[in-house]
Amino acid sequence: MNGAIRAEVLRSVSGLSVLAVYLVALLMPAYVLFSDGSRLELAGFDSGTATTRLLEPLAWSGISAAFVGAYAVTREYYYGSMDRTLTAVGFRRAFTGKLVAAVIISVALSVGVFVLWTVGVSLLLLQDGLTLVLTQDAWRIFAGALAGVVLGALIGGSIGWITRNYYVTAAIVLAYPMVVEFALLRTAPEVAKFSPGLAVAAVGVPGYQDRLLDLAPAAGIGLAWVVGLVAIAWIRGRGRDA
């Protein structure tokens, strides 16, 4: 099993095509930041509060982690190499190896994004005469966003195994959260907050703008999505393998 995980990790960081995955990881918080320009209005805020406001978009890193998890599966179906992988290592090892590798790669990639984003935040703050101050709330965002990344990677990997199609999966894990969930967040937050992307985001920013779930229910809903989708992916994959 360790060999399968190592192989998947190496596969996940090889080839020029993975650059798109890395780009998505950085663009997702940027999309959240600029979709709500109010976060850039820092007049009247102290450095600690302003820092926290600019770090909040990192909570949506779970969505890009879902794309990372899905990509490890769907690109093999796209290039027609999955049958060879399943023949070589078997479904159980391939399934587990890809999910675990997705978590490892997503966490490592997200830590790098967090560092780059924090540097960028410090530069933005300087323009308003403020400085980077990592308060307890800021560290909670980092920790919660990282937990959301783990959940997101497992959700995306599972969806990849269920659909087995690159374009369908990309639409589900990227387009749906960015278009549908964001729209529902503004118009029907009482429904949107239970969706997978926003439940995962709420782990990093509990109760965000009084529209997202608090930490405990967000973690519970996020885990429920993970367990449900992993189970469906496993059953579907085992049925095919049989």
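## Close-up views of a predicted model

**View 1. Buried residues of helix 3.** In helix 3, the residues S47, G48, A50, T51, T52, L54 and L55 are buried. The structure shown here and in the other views is a predicted model. Helix 3 is mostly covered, with seven of its nine residues buried. The cover over these buried residues includes helix 2 (19-35), helix 6 and helix 7.

**View 2. Packing of helix 3 against helix 6.** Two packed helices are described by the angle between their axes and the distance between the axes. Here helix 3 (residues 47-55) packs with helix 6 (residues 91-127) at an angle of about 135 degrees, and their axes are 10 Å apart. The two helices, helix 3 and helix 6, are therefore oblique to each other. Their crossing, that of helix 3 and helix 6, is right-handed. Helix 3 makes the contact with A50, T51, L54 and L55, and helix 6 makes it with W117, T118, V121, L124 and L125. By type, the residues in the contact of helix 3 with helix 6 are seven nonpolar, two polar and no charged. On the helix 3 side, A50, T51, L54 and L55 are also among the buried residues of View 1.

View 3. F95 has its place in helix 6. Is F95 buried or exposed? With a relative accessible area of 4%, F95 is buried, because buried means under 20%. Leaving out residues up to four places away in sequence, F95 touches W161, V230, A233 and W234. The C-alpha atoms of F95 and V73 are separated by 8.8 Å, and these two residues are 22 residues apart along the chain.

**View 4. Salt bridge between K98 and E76.** Side chains of opposite charge can pair when their charged atoms come close. The count of salt bridges in the model comes to two. One of them is formed by K98 with E76, where the closest N and O atoms are 2.6 Å apart. K98 lies in helix 6 and E76 in helix 4 (residues 61-79), so the pair ties together parts that are 22 residues apart in sequence. K98 counts as buried, at 1% relative accessibility. E76 also counts as buried, at 3% relative accessibility.

**View 5. Salt bridge between D137 and R140.** Which residue meets the side chain of D137 in a salt bridge? The partner is R140, and the N to O distance is 2.6 Å. D137 and R140 are three residues apart in helix 7, so about one helical turn separates them. An α-helix has 3.6 residues a turn, so residues three or four places apart point the same way. D137 is partly exposed, with a relative accessible area of 42%. R140 counts as partly exposed too, at 45% relative accessibility.

**View 6. R164, a loop residue with positive phi.** R164 is not a glycine, although its phi is positive, at about 60 degrees. Where is the place of R164? R164 is in the loop between helix 7 (136-163) and helix 8 (166-187).

**View 7. Q209, another loop residue with positive phi.** Q209 has a positive phi of about 50 degrees, and Q209 is not a glycine. The loop that holds Q209 is between helix 10 (196-204) and helix 11 (215-241). Q209 counts as partly exposed, at 44% relative accessibility.

Definitions and conventions. Residues are numbered from 1 along each chain as its sequence is written. This is a predicted model: local features need pLDDT of at least 70, side-chain atom pairs count only at pLDDT 80 or more; totals for chains, interfaces and linings use all residues. Side-chain values use heavy atoms; hydrogens and water are left out. Axes are lines fitted to C-alpha atoms, for helices over the stretch in contact, and angles run from 0 to 180 degrees between N-to-C directions. Helices (H or I, at least four residues) and strands (E, at least two) are DSSP runs, numbered from the N terminus. Angles under 35 degrees count as roughly parallel, over 145 as roughly antiparallel, 65 to 115 as roughly perpendicular and the rest as oblique. A crossing is left-handed if the near helix is turned anticlockwise from the far one by less than a right angle, and right-handed if clockwise. Contact means heavy atoms within 4.5 Å. Ala, Val, Leu, Ile, Met, Phe, Trp, Tyr, Cys and Pro count as nonpolar, Asp, Glu, Lys and Arg as charged, and the others, Gly among them, as polar. Buried means under 20% relative accessible area, exposed over 50%, partly exposed in between (1.4 Å probe, protein chains only). A salt bridge is a side-chain nitrogen of Lys or Arg within 4 Å of a carboxyl oxygen of Asp or Glu.
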